[in-house]
Structures are given as C-alpha cells and as structure tokens.
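Please examine the structure below before reading on.

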Amino acid sequence: MTSKSGQSSTAGSPLAPGWLEVPADLNALHEPLWAAGVERNSDGELTIEGLTVSELQRQYGTPLFVLSETDFRARARAFSDAFNDAFADICGGVDVYYAGKSFLCTSVVRWVEEEGLRLDTASGGELAVAARAGIPGADVALHGNNKSDGEIHRALDMQLGRIVVDSLDELDRVAAIAANRGDTAKVMLRLTPGVHAHTHEFIATAHEDQKFGLSMAGDSTEKAGLSAAEEAVAAAVRHGSIDLLGLHCHIGSQIFEPDGFALAAEKLLDFLAAMQTKYSIVLPELDLGGGYGIAYTPVDTPRPAAEIAQAMAAVVRSKCAALGISAPRISIEPGRAIVGSTTFTLYEVGTLKTVRVDSPGAGGDVTHPRRYVSVDGGMSDNPRPVLYDADYSAILASRASDAAPQLSRVVGKHCESGDIVVRDVYLPKDVAAGDLLAVPGTGAYCWALSSNYNYLARPGVVAVRDGSARLIVRGETEEDLLNRDMGV
Ligand code: LLP
C-alpha cells in the first residue's frame with residue numbers, strides 16, 4: 001500500500017493521488033471506515049442492520065446522516081474500557097468526557113450517560129442541550145477561550161463538575177462571578193505545553209502561537225520568569241471562590257501516534273509536581289484532552305485505543321514514579337474517535353460530467369478523464385474537505401455494479417468550485433443520476449459544522465438500533481429556512 005505522500009499511482013489514473021489505489025472490488029466495504037452493521041445485501045444494496053439505503057431515502061430523503069446508535073454505544077464503551085484498563089493501577093481508571101462539539105443532540109447525551117461517560121461542552125448552546133437531556137451538571141465540563149458572563153453563570157447554575165479556564169482574564173472573571181454569587185467554581189486550567197501535533201494547522205491547538213490556553217513558557221507575561229500557566233495557578237490559589245481541581249491540555253485533533261499525547265502528559269506532570277511543591281497544594285486531576293484520529297480512507301491506519309491508552313499510561317506511570325508524586329485522576333475528551341465512524345452520509349447522484357485533464361508532468365498533449373459526480377448536498381453538510389483538505393471515500397450504495405472503475409470527484413451543489421465532498425475516489429463507470437452514494441466517516445464535525453449556504457436545508461440525522469431507524473434530529477424544511485427572515 002502506498003503512503004499519502006506518494007506522488008503517483010502505480011495503477012489507475014495518472015490524475016489520482018499516489019495513495020489512492022484502484023480497489024480490487026468496487027462493491028466491497030473497507031471495514032475500518034464503516035459502522036458495525038453496515039453491509040451489502042444479496043441484491044447488492046447497502047444496508048444498515050438490515051435497513052436498505054433506498055428505504056431510508058424514501059422515508060427521510062437525502063442528503064441524510066445515517067448513524068448507528070449500536071456502534072456509537074459500542075465505541076464509547078470500547079474507548080472507555082481501553083483507557084480504564086490501562087490506567088486502573090495508576091489512578092483507579094479514567095473519566096471519559098465525550099466531546100460534544102463533534103456531534104451533539106439530546107439523544108447522544110443520553111447514550112453517553114447510559115454508557116458511563118461524561119460530557120464536554122464548549123458553549124452555552126451545548127450546555128442547553130446537556131440541560132435538556134437531563135445529564136447531571138457534575139458530569140459536565142465547559143470549555144471555551146471566550147466564555148461569556150452568561151455562560152459562566154449558566155455553568156454555575158448547573159453546578160458543573162468543571163469549568164476549564166483558558167486565560168488569566170477568564171480566571172479573574174470566573175472568580176469574581178462565583179464570589180458575587182457566594183459560590184465556588186470548580187476549575188481546571190487549560191495549558192499549552194508547546195507540543196506541535198502532526199495534523200492540519202487549524203486543528204493543532206497546543207503550540208505557542210494560537211488562541212487557546214495558558215502558556216507554559218517562561219517570560220510570557222510582564223512578570224518575567226513566571227509563565228502564564230504558573231501565574232494562573234498562583235491566582236487560582238489566592239481566589240477563595242475557585243476550587244482548583246487540576247490541569248488540562250488538548251494538543252489537537254485527528255492524531256494517530258501516541259507520542260504527542262505522551263509528551264504533553266510528561267510536561268503537564270512536571271508542571272503539576274512543581275506547582276504542588278511550590279504552592280503546597282494538591283492538584284487531583286489531569287485532563288489530557290481529545291484528538292484521537294480515525295480512518296477516513298483505506299490508507300488511514302489509526303492505532304487502536306488500547307495501544308494509545310497503554311502508551312499514555314506507561315508515561316504517566318513512570319513520570320509520576322520519577323517525580324515521587326501520586327498520579328492525579330486522569331480524564332480524556334474524545335469526540336471524533338467515538339462518533340466519527342458511526343455515521344455515513346447518504347446522497348443522491350444528479351449531474352455527471354467528465355473533463356479531460358493534462359497528465360501531471362506530461363507536456364500537455366496527453367490528457368486523462370476526470371469525472372465529476374454531483375450530489376444533492378456538499379460543503380453545507382460537510383465543509384471539512386474545503387476547510388482542512390480532508391479526504392473521504394465513497395461507494396455506490398443503491399446497487400452493486402460490475403462496471404470498470406473510473407476516477408471520480410464527488411462534488412456538491414453549491415456555487416463554489418471548492419465544494420468537494422470526496423476529492424478522489426474510484427467509482428463504477430456506470431454511476432448514473434438517481435443512484436445513491438454513501439460517504440463513511442461523517443459522524444464528527446460534519447453535521448456539527450453544517451450551514452445553510454445557498455439556502456440549503458441542513459440534513460436530518462437518523463439513528464439505527466435493533467434494526468429500526470428513528471430521526472434524532474429532523475432535517476430542516478423550507479419553512480425553517482424562511483423562519484428568521486423578518487421580511488420588513
Ligand atoms: N477537547 C477539546 C478541548 C477540544 O478542543 C476538542 C476538539 C476535543 C476535546 C475533541 O477532539 P476530537 O477527539 O474530536 O479530535 N473541526 C475540526 C476539529 C476541531 C476540533 C476542536 N476541538 C475537524 O473537523 O477536524
């Protein structure tokens with residue numbers, strides 16, 4: 001198998017990127033990309049727990065997010081079990097906060113709770129979903145680099161288990177608001193350990209030059225010598241209205257290797273031990289954030305959760321021993337790794353066209369076909385390709401086909417040439433208008449980032465469990481789209 005950095009394909013179209021292989025069987029499902037329970041039936045149609053995609057389209061329309069509740073629950077449990085096993089002897093296990101920003105609605109909050117996880121939120125709106133779902137505030141964390149006073153009040157009203165404070169300014173604000181209410185805020189401090197995660201620039205979050213967190217670098221504030229992180233610890237200790245639980249970091253997203261997480265853990269433990277000694281305090285909690293990657297294409301090979309958990313646990317174990325401290329209770333915040341692969345997006349094919357493109361590096365007189373397959377959604381239901389150059393894959397879902405593979409680009413229906421759903425994929429040559437395509441791996445940051453660009457209605461989300469489907473978020477209607485237009 002070639003790597004994504006490869007330049008040219010050994011087989012297939014010269015226009016294809018080096019990593020994209022011509023599948024031996026275009027009808028086969030590459031298992032790591034799909035939720036459990038998704039398969040082709042004997043007629044060749046894609047099914048989920050026995051429900052055909054054509055039935056789902058008839059009932060709910062397209063585009064449609066099709067989410068396996070069974071798979072969501074299984075992944076939540078598996079992730080939690082892997083980390084709990086790895087850390088059992090170190091700190092009695094791990095608290096897993098599902099990162100709601102990846103995909104949130106009240107049903108999901110209830111599944112998370114029922115599977116023994118907690119919830120990470122990042123705004124008042126996400127807190128509103130949590131409140132409506134009825135999860136106890138003690139199991140909820142609130143993030144954000146610019147929390148409003150209203151959000152801080154709401155967090156205190158809901159008696160959240162933790163507010164993750166992002167800056168010195170915010171620490172003072174939280175302290176003042178809590179003091180005025182005669183309240184105490186449970187606080188974690190989000191630090192930037194300077195670990196640069198190998199991921200897209202916009203989803204790497206622990207290096208120095210970005211908006212999140214308190215810098216651990218010295219001389220980063222006017223009080224030379226004290227890092228912003230240490231200043232925050234000192235201030236938190238001074239404030240009677242702050243209960244400082246511990247430290248937090250999140251190094252980025254869609255990360256495959258455990259090294260970055262392990263390095264961040266070491267740096268935070270060094271700092272935690274130093275702060276405990278210097279300020280005669282105990283910091284009982286350490287949150288190592290989310291960011292665990294998933295497969296979007298057949299060449300993506302993320303490590304299993306158990307492997308990452310064990311690598312992180314080994315570092316925490318040896319670092320705490322070297323520092324002579326008892327390990328803090330560890331928490332993590334996976335979003336994508338739980339929900340990402342539970343979902344596929346179902347689209348209907350419309351317009352097709354084929355262009356001829358110069359062969360890369362071959363003068364100009366040799367051209368090759370690239371087929372554009374337009375579907376009934378696009379960047380409004382999945383902006384990740386345009387935002388992060390994210391790659392996806394797609395299959396013909398409504399039927400099997402024996403036709404030859406054709407290099408294709410799946411595009412949306414928006415007025416932008418960058419409106420790409422799957423940049424490069426081999427699909428059968430006979431794909432035609434009315435066929436259904438399925439794009440796997442769309443559970444995280446697709447519905448969550450969706451928009452109404454070009455006044456497209458955002459798709460609904462259908463959850464499948466025990467062989468039956470139900471809408472957990474209905475699709476928007478034209479009425480919804482016009483609702484806020486005041487018409488004055
Ligand atoms: N914790 C914190 C503090 C975070 O900021 C995030 C994600 C997570 C946990 C969950 O990360 P995950 O396990 O899902 O990777 N829209 C981008 C990803 C942005 C991530 C934002 N923060 C994307 O579509 O790739």
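The largest pocket of this predicted model has a volume of about 770 Å³. A pocket is an open set of points, on a 1 Å grid over the protein atoms alone, with protein on both sides within 12 Å along at least five of seven lines. Grid points are joined across faces, edges and corners, and a volume is the space filled by probe spheres set on the points.

Because the model is predicted, local features need pLDDT of at least 70 and side-chain atom pairs pLDDT 80 or more, whereas totals for chains, interfaces and linings use all residues. Residues are numbered from 1 along each chain as its sequence is written, and side-chain values use heavy atoms, leaving out hydrogens and water.

**The largest pocket**

- The largest pocket is lined by 36 residues, and the closest to its centre are Lys101, Ala122, Phe212, His250 and Tyr445; a lining residue has an atom within 4 Å of a point.
- The lining of the largest pocket comprises 14 nonpolar, 13 polar and nine charged residues. Here Ala, Val, Leu, Ile, Met, Phe, Trp, Tyr, Cys and Pro count as nonpolar, Asp, Glu, Lys and Arg as charged, and the others, Gly among them, as polar.

**The ligand**

- The ligand takes up the space of the largest pocket, a placement that requires more than half of its atoms to lie within 2 Å of the grid points.
- Around the ligand are 19 residues (a heavy atom within 4 Å), of which the closest are Ser253, Glu333, Arg384, Tyr388 and Tyr445.
- The ligand lies between domain 1 (31-68 + 341-481) and domain 2 (93-334), because both give residues to the shell around it; the domain bounds come from an automatic or database assignment.

- A polar contact is a pair of N or O atoms within 3.5 Å.
- A ligand nitrogen is 2.7 Å from a side-chain N or O atom of Glu333, and a ligand nitrogen is 2.7 Å from a side-chain N or O atom of Tyr388.
- An oxygen atom of the ligand is 2.8 Å from a polar backbone atom of Arg336.

Conventions
On a 1 Å grid over the protein atoms alone, a cavity is a set of points where a 1.4 Å probe fits but cannot get out, and a pocket is an open set with protein on both sides within 12 Å along at least five of seven lines; lining residues have an atom within 4 Å of a point. A polar contact is a pair of N or O atoms within 3.5 Å; within protein, one must be able to donate a hydrogen and the other to accept it, and residues adjacent in sequence count only if both atoms are side-chain atoms.
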